[in-house]
Amino acid sequence: MNKVWEDLSPELRENPFFQFSAESHYVPAWDRIKPEHIKPAMDYALDLMRRNIQKITDNKSPPTYKNTVEALEQAGELSSYFFGVVLNLMPGEGAAEDEYDRIVNQIQRDYGKLFSEIYCENRKLYDRLQEVAKQAPFKNISHEKKLIWAMYSNTFDATGLNMSARKKAELRAL
């Protein structure tokens, strides 16, 4: 089992979402995944993302590309992977499809809330990201790395972190 998951409860250890490894080529146990497995797995993955973001903002070291941008890039890997799994499941028909749709809608709302916490409200993370670009080594990094930095910076801008409270309310009302 991946060391990241040392904190898994016994129930999550049995969840098919967590039953993959290098030996299985990181393919989940598709045949065992049921609707009741989705929400607990996604809750764990989103909580892990939240904890990873907190580690970035709590980092006392000066912001660098590695400890800020790369860490941000990796913070949501598990949730992204699980979303990919969920969106490729065959939900079944009738009541099973309705249950699948209900769960997917809920986890999309949960992810949206976390996304807002990160990109609409986390000034400390934004400031840390901006500080990376002010560091001397930033001018020597690859074009691709600068594009990744810009993607995150632009996400903060597009979601309205720097907008007035009134403008933020208008944006959220859309």
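## Helix 2 against helix 6

Helix 2 and helix 6 cross in a left-handed way. Keep in mind that this is a predicted model. The two helices, with helix 6 covering residues 123-134, pack at an angle of about 60°, and their axes sit 9 Å apart. That angle makes helix 2 oblique to helix 6, because anything from 65 to 115 degrees would count as roughly perpendicular and anything under 35 as roughly parallel.

Who touches whom here? On the helix 2 side you have I53, I56, T57 and D58, and they meet K124, L125 and R128 of helix 6. Sorted by class, this contact has three nonpolar, one polar and three charged residues.

## Helix 6 against helix 7

Helix 6 also packs on helix 7 (residues 143-158), at an angle of about 140° with the axes 10 Å apart. So helix 6 is oblique to helix 7 as well, since roughly antiparallel would take an angle over 145. The crossing of helix 6 and helix 7 is left-handed.

From helix 6, the contact uses L125, Y126, L129, Q130, V132 and A133, while helix 7 brings W149, Y152, S153, F156 and D157. Eight of these contact residues are nonpolar, two are polar and one is charged.

## The second largest pocket

Which helices build the lining? Helix 2 (35-58), helix 3 (65-75), helix 4 (77-87) and helix 5 (95-119) each put in at least two residues. The lining splits into nine nonpolar, three polar and one charged residue.

Conventions: Residues are numbered from 1 along each chain as its sequence is written. This is a predicted model: local features need pLDDT of at least 70, side-chain atom pairs count only at pLDDT 80 or more; totals for chains, interfaces and linings use all residues. Side-chain values use heavy atoms; hydrogens and water are left out. Helices (H or I, at least four residues) and strands (E, at least two) are DSSP runs, numbered from the N terminus. Ala, Val, Leu, Ile, Met, Phe, Trp, Tyr, Cys and Pro count as nonpolar, Asp, Glu, Lys and Arg as charged, and the others, Gly among them, as polar. Axes are lines fitted to C-alpha atoms, for helices over the stretch in contact, and angles run from 0 to 180 degrees between N-to-C directions. A crossing is left-handed if the near helix is turned anticlockwise from the far one by less than a right angle, and right-handed if clockwise. Contact means heavy atoms within 4.5 Å.
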